[in-house]
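Student: I am new to this structure and would be grateful for a close look at one part, namely the surroundings of the DNA. Please begin with the protein chain itself and then proceed to that part.

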2 protein chains.
Amino acid sequence: MTEDIVRRLGYLTLGTRLRRLGERIQADTQRILDDHELAIPSAQFPFLAAIDRLGPQTIGDLARAVGVTQPGATRTILQLEESKLVLVVPSDEDQRRKVVSLTAKGKDLVMVGKRAAWPAIEHAVRDLCHKLNGPLLDQLTAIEDGLIDQPLRHRAKLKKEPNT
Amino acid sequence: MTEDIVRRLGYLTLGTRLRRLGERIQADTQRILDDHELAIPSAQFPFLAAIDRLGPQTIGDLARAVGVTQPGATRTILQLEESKLVLVVPSDEDQRRKVVSLTAKGKDLVMVGKRAAWPAIEHAVRDLCHKLNGPLLDQLTAIEDGLIDQPLRHRAKLKKEPNT
DNA sequence: GACAATTACATAACATGTTATATAAGAAGT
DNA sequence: ACTTCTTATATAACATGTTATGTAATTGTC
């Protein structure tokens, strides 16, 4: 077995390691979403959640809320618009702004998500992380090992009928 | 100020949050590398470190060591080859394999890195994280706030003459 | 020893982020 | 009111990862 250098180098490669772990968790999260037939890339979820929680928002507001740059937000919003999950209309007072709101379809999806998929994901991730308590690097190691031991998906309590 | 939804949602968006934070740290790390005139994208660093530590490796070995997929490794190795930092030669025993080793220029860069930039980066990241100890989410919050408070670069002890 | 399975790398298509920069609308100063 | 500054979004170019799939070399089987 080849040594895991990123893990080994500790603080020196923390950025790479966090990113890698985040990507892994996002991918696993995607699988749980799929199980719930929520056909949406997991990166788009925070946007829907933001609009759900904060109400209709401009693109810039969403970028700040989700923590990505404005071009990133613009693109994701375009994708959500293509999927008919959000409605984008120029603001009345300020023609530069675009106000993004959930369509009926979008609200529906959020409702289903909130009821089933989100609790499942949260439960799975909590199961993975909640009892951790030491220094950061040790916790990361524990999470990495934990994911190998049992993928997030297995830790999710399916609210739908599981396919065994 | 718009609320940070990813932070707010806790375990539900942990993947996104880790990834985002990792990207941020990588970007900051890049700036420290630049300060030391190590003109190399920070994502390529783990590959050089792996070869330095483990000796010449095949592309597949490097992919495992660094924790990316094989196509990812292939591309990064091609870039490093273009920069003349590594040498790629087909293996003698097995023509499918390619063995990647450091060139003189590559060894040089690693040596400089080890002496100056790496300790600076490690120091900065340690300064950011080492006293953290609670649950994961709290530590992440502390790191995010810490980076806003004082960017990684300021936490790095420059080994070169600082440009003050 | 020929054929099938496996392994190692390459390539294509795409996801998701970034920085840099353009464009158009609004705000401000004279 | 006109020019200038600023702000909101769009677009382009690129970084860095992924999955899916192709191709060539090696291994294993009859």
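**From the chain to the DNA**

Tutor: The secondary structure of chain A consists of eight helices and three strands. Read from the N terminus, the elements follow the order α-α-α-β-α-α-β-β-α-α-α. The C-alpha trace of chain A extends about 60 × 40 × 25 Å along its principal axes. Of the 164 residues in chain A, 40% are buried. Where contacts in chain A join residues at least 6 apart in sequence, 54% of them link residues at least 24 apart.

The model is predicted, and a word on confidence is therefore in order. Chain A has an average pLDDT of 86, and 95% of its residues score at least 70. Residues 159-164 of chain A, however, have a pLDDT below 50, and this stretch makes five contacts in the model beyond near neighbours in sequence.

The partner chain comes next. In all, 44 residues of chain A are in contact with 43 residues of chain B. On the side of chain A that touches chain B, at least two residues each come from α1 (5-8), α2 (14-35), α3 (45-54), α4 (59-66), α6 (104-129) and α7 (136-149). The greatest share is that of α2(A), with 13 residues. By class, this side of chain A holds 23 nonpolar, ten polar and eleven charged residues.

The residues of the surface near DNA strand C comprise seven nonpolar, nine polar and six charged.

DNA strand D is likewise surrounded by 22 residues, of which Thr58(A), Gly60(A), Pro71(A), Gly72(B) and Gln95(B) are the closest. For the surface near DNA strand D, α2, α4 and α5 of chain A each supply at least two residues, and so does α5 of chain B. This surface divides by class into seven nonpolar, nine polar and six charged residues.

Placed side by side, the two descriptions can be read by element. Near DNA strand D, chain A is represented by α2, α4 and α5, and chain B by α5.

How values were computed: Residues are numbered from 1 along each chain as its sequence is written. Chains are lettered from A and ligands numbered from 1 in the order in which they are written. This is a predicted model: local features need pLDDT of at least 70, side-chain atom pairs count only at pLDDT 80 or more; totals for chains, interfaces and linings use all residues. pLDDT is the predictor's confidence in each residue, from 0 to 100. Two residues are in contact if their C-beta atoms, placed from the backbone, lie within 7 Å. Ala, Val, Leu, Ile, Met, Phe, Trp, Tyr, Cys and Pro count as nonpolar, Asp, Glu, Lys and Arg as charged, and the others, Gly among them, as polar. Helices (H or I, at least four residues) and strands (E, at least two) are DSSP runs, numbered from the N terminus. A residue is buried if 20 or more other C-beta atoms lie within 10 Å of its own, exposed if 12 or fewer, and partly exposed in between; C-beta atoms are placed from the backbone. A residue is near a molecule or strand if its C-beta atom, placed from the backbone, lies within 6 Å of it.
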